[in-house]
Amino acid sequence: MKHIFLSLAFLALASGSLCAQDAFRVRVEQPQHGKVTVTPAIPENGMVPAGTVLKVKVDVTDPGWVFDSGYELSVSGGVFYPTYKESMVPEFTVKVDHNIMSIGASIIEAERLQGYRTIQDVVYAQPGVKPLKYDVFIPDGAKKLPCVVIIHGGGWSSNTEDIMRGLARELIKGGKYVVASIDYRWLNHGDGDKEPVQMHQLIEDCYGAILHIQEHAAEYGVNPKKIAVTGDSAGGHLSACMIDLIERVGDGGFGTQKGVYQFLPTYMPKGWTAAKAKKSLRAIQVAAPSYGVFDLGTLVRFAENYEPMGLVAITPDCNVPDAEIREVPQYMVLGTLDRTVGRKPMEEYLLRLKGKDQNAVLDIVDGASHAFFDWKPDQRTKDTFAKYGVPYAAKMRQFFDEVFY
């Protein structure tokens, strides 16, 4: 009898999941120093008719504080894995087609947004469903400054450039750098593309973003001949690729000809050849790939469909140039509590760099876990960033100074 009841309960749950819901639960979370207004108003029981489009408006109520982002916090994939969908403007809409844990806002100290301006959502290419874009953080009075390009993490299949805005704000302190935080395609079908996106295409996206930034250097106050790259986790891998793989930029295709594995940037200025793009990308003079994946053994799990030579082509550890050919100084960090990236592979990458006579540093961050350079609306992430991200962003900036200043 117990088994029958369990079976009936399972069938009821399954049939409920298959039927369209009439309403979904929505909660509004009011931030400190601000107010979130939702129209139409959320009923007392929190249940909102399916398909309703909510208009959300965020107001800052206290002096000395400013709007950082509005957000929708949801659970995706049928498991308890909360994800933020953020808006960088204080008025936005939310479509109610799923249960929403909360709609809210991040309000931060006004001083965090002083001394620079931001150009958001610059679209540099659209090779698939998703427009590829970046944000630029420009210090007041910027003129021919080196540019730091940030590449976000997220397993090559989640997050956007918005998650790195905390790091961008730290790297522009002192007014020595313009910072551009870039997005790229997600692996496989994550963006809704019919054909699966592969790892080498993400590398091509990132090279394309850098070329676009160089093309618009005068507009941003950038010296296009002085580029640094950084990124965390998956972005750590991609930023290491940016500086290590420049010799592989070309128009020979990636695996379309036997033994040829070249990267053609997703975006190139009008009339440019691959050879000219390669020459321009040599402006990448320093990198800070944070807690990234640099070895064949780990990457094969995310790029298992590649031929052996194709896998070698996307692996930083296999492509470090001799310092006599080209210098690729790199500053790296890894938390002692990081359970996502192994310490041994990072130490082996450090040894590979040093074996090529490259300037390389690996700082072990006591007590830190993975992704401490991320910035999200929740206070826990902000506190983690303040504890670890802020001081190690300063050390990263100092490493860049040694190259550019």
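Predicted model: local features only at pLDDT ≥ 70, side-chain atom pairs only at ≥ 80, totals over all residues.
Local features require pLDDT of at least 70 and side-chain atom pairs pLDDT 80 or more, while totals for chains, interfaces and linings use all residues. Residues are numbered from 1 along each chain as its sequence is written, and side-chain values use heavy atoms, with hydrogens and water left out.

Secondary structure follows DSSP runs: helices are H or I runs of at least four residues, strands are E runs of at least two, and both are numbered from the N terminus. Two strands pair if DSSP finds at least two bridges between them. An open sheet of five strands runs in the order S3-S1-S8-S5-S6, and its pairing is mixed. Strand S3 (47-49) and strand S6 (82-87) form the edges, each pairing on one side only. On average, neighbouring strands of this sheet are turned by 35° against each other, direction ignored. The axes are lines fitted to C-alpha atoms, for helices over the stretch in contact, and angles run from 0 to 180 degrees between N-to-C directions.

Within this sheet, strand S5 (residues 65-75) and strand S8 (residues 100-109) pair in the antiparallel sense. Nine bridges connect S5 and S8. Leucine 73 has serine 102, in S8, as its bridge partner. A parallel pairing joins strand S13 (residues 222-232) and S16 over six bridges. Here aspartate 232 stands opposite serine 290 in S16. Strand S16 (residues 284-290) is largely enclosed by the rest of the structure, because six of its seven residues are buried. Buried means under 20% relative accessible area, exposed means over 50%, and partly exposed lies in between (1.4 Å probe, protein chains only).

Charged pairs come next. Side chains of opposite charge can pair when their charged atoms come close. A salt bridge is counted when a side-chain nitrogen of Lys or Arg is within 4 Å of a carboxyl oxygen of Asp or Glu. The search of the whole structure finds 17 salt bridges. One of them joins glutamate 86 and arginine 165, with the closest N and O atoms 2.7 Å apart. Glutamate 86 lies in strand S6 and arginine 165 in helix H2 (residues 165-171), so this pair ties together parts that are 79 residues apart in sequence. Arginine 165 is buried, at 4% relative accessibility.

Glutamate 170 and lysine 173 also form a salt bridge (2.9 Å, N to O). Arginine 343 and glutamate 347 are four residues apart in helix H9 (residues 343-355), which means a separation of about one helical turn. Arginine 343 is partly exposed at 44% relative accessibility. Glutamate 347 is also partly exposed, with a relative accessible area of 31%. Elsewhere, salt bridges with shared partners join Asp68, Glu86, Arg165 and Arg169 into one network.

Arg169 also takes part in a contact with a ring. Arginine 169 lies over the face of tryptophan 375, 5.6 Å from the ring centre. Lysine 176 lies over the face of tyrosine 405, at 5.2 Å from the ring centre. The criterion places NZ of Lys or CZ of Arg within 6 Å of the ring centre and within 35 degrees of the ring normal. Rings of Phe, Tyr and Trp (its six-membered ring) pair if their centres lie within 6.5 Å; planes under 30 degrees apart count as stacked, over 60 as edge-to-face and the rest as tilted. By this rule there are 19 aromatic pairs. Ring pairs link Tyr291, Phe372, Phe373, Tyr388 and Tyr392 into a cluster.

The whole structure contains zero disulfides (pairs of cysteine sulfur atoms within 2.5 Å). For cysteine 147, the nearest cysteine sulfur is that of cysteine 206, 13 Å away. Cysteine 147 is buried, with a relative accessible area of 1%. The sulfur of cysteine 318 is 10 Å from the closest cysteine sulfur, in cysteine 241, too far for a bond. Cysteine 318 is partly exposed, at 31%.

Most residues other than glycine have a negative phi, and most peptide bonds are trans. A cis peptide bond joins threonine 39 and proline 40, with omega about -5°. Proline 40 is in the loop between strand S2 (34-39) and S3. Asparagine 188 has a positive phi, near 60°. Asparagine 188 sits in the loop between strand S12 (178-182) and helix H3 (199-215). Alanine 371 has a positive phi of about 65°, and its place is in the loop between strand S18 (360-365) and helix H10 (379-404).
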